[in-house]
Amino acid sequence: MAIELYPAVDMLGGKAVRLHQGDFARTTEYDADPCEAARRWVEEGARRLHVVDLDGARSGAPVNLENLERIARLDVPVQYGGGLRSAPDVEAAIERGAARVVLGTAAFLNPDLLDQLVVSHGDRIAVGLDVKNGRVAVQGWQERIRLSPTDAVARLVAANVKTIIYTKVDWDGTMQGADLRIASQLDAAAGDAEILYSGGIGSIDDLRQLASLGLKQLTGVIVGKALYERKFTVPEALEVL
């Protein structure tokens, strides 16, 4: 089965940026308008986009819904996360065009809300499993909870979450490679949930190695900095995946 490519559009202060290892103090700006970044990936052939409201992740409520609405007009499915910690905020993101919304902090600190949203929206609810130093990171990656990645996956599968987006925050923005070991471990724990991998992708060989694992539940890979810095193109990535 082919793995889907999700080019990342991370929004901060109205711009398209990338963080280094989830650190808001280590930011690289790539586009003055995040919609232009999104349009570029779609014009190159991207069939889906991964859009993150970094302002929202830090503040605890979405800030970039207007930009989400603009990006959604590009007519490819958009998965959107960052600061979605209440049912009204999730509803607002869906109304503004998100095909799938990504919960992070709320999924782990407010499991009742997660259950409610899964019942209401089914597979349009994904959970971002952001891992820093081996533990789940929440509150804009500023805090960690005592939960391992595989235990977190098991908990989310039990909650009937159908899409889990793993990010190795320690490697995010470093382009040092994919963690093939953790990808395999998460796949084994995923049951019938889909796994999307993110963090560290820096070369076409990283994508090739992920694809060669033949993991049944690995259905997507999110790529940011490597695309912005032209380590490979969207068509090259799609061909490998």
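On a 1 Å grid over the protein atoms alone, a cavity is a set of points where a 1.4 Å probe fits but cannot get out, and its lining residues are those with an atom within 4 Å of a point. The exercises below apply this and a few other terms to a predicted model, in which local features need pLDDT of at least 70 and side-chain atom pairs count only at pLDDT 80 or more, while totals for chains, interfaces and linings use all residues. Residues are numbered from 1 along each chain as its sequence is written, and side-chain values use heavy atoms, with hydrogens and water left out.

**Exercise 1. A cavity and its lining**

Find which residues lie nearest the centre of the second largest cavity, and describe its lining.

Step 1. Sort the lining by residue class, taking Ala, Val, Leu, Ile, Met, Phe, Trp, Tyr, Cys and Pro as nonpolar, Asp, Glu, Lys and Arg as charged, and the others, Gly among them, as polar. The lining then divides into seven nonpolar, six polar and three charged residues.

Step 2. Look for the elements behind the lining, remembering that helices (H or I, at least four residues) and strands (E, at least two) are DSSP runs numbered from the N terminus. Strand 12 (218-223) and helix 10 (225-228) each supply at least two residues.

**Exercise 2. The surroundings of Asp172**

Decide whether Asp172 is buried or exposed, and determine which residues it contacts.

Step 1. Asp172 is placed in the loop between strand 10 and helix 8 (180-189).

Step 2. Buried means under 20% relative accessible area, exposed over 50%, and partly exposed in between, for a 1.4 Å probe and protein chains only. Asp172 has a relative accessible area of 15%, and therefore counts as buried.

Step 3. Contact means heavy atoms within 4.5 Å. Leaving aside neighbours within four places in sequence, Asp172 is in contact with Arg18, Leu19, His20, Gln21, Thr167, Ser198, Gly199 and Gly200.

Step 4. With Arg18 there is also a polar contact, side chain to side chain, of 3.5 Å. Such a contact is a pair of N or O atoms within 3.5 Å; within protein, one must be able to donate a hydrogen and the other to accept it, and residues adjacent in sequence count only if both atoms are side-chain atoms.

**Exercise 3. Tyr80 and the nonpolar core**

Identify which members of the largest nonpolar core touch the most other members, and examine Tyr80 in detail.

Step 1. A nonpolar core is a set of buried Ala, Val, Leu, Ile, Met, Phe, Trp, Tyr and Cys residues joined through side-chain atoms within 4.5 Å. The largest one has 72 residues, of which Ile71, Tyr80, Phe108, Leu114, Tyr197 and Val221 touch the most other members. Helix 4 (residues 87-95) gives the most to this core, with five residues.

Step 2. A second, separate core of seven residues includes Tyr6, Ala8, Val102 and Leu196.

Step 3. Tyr80 lies in strand 5 and is buried, with a relative accessible area of 0%. Not counting residues up to four places away in sequence, Tyr80 touches a set of residues that includes Met11, Val51, Leu68 and Val102.

Step 4. The side chain of Tyr80 is also joined to that of Asp53 by a polar contact of 2.9 Å.

Step 5. In soluble globular proteins, nonpolar side chains tend to be buried together.

Notes. 1 Å grid on protein atoms, 1.4 Å probe; cavity = no way out; pocket = protein on both sides within 12 Å on 5 of 7 lines; lining within 4 Å.
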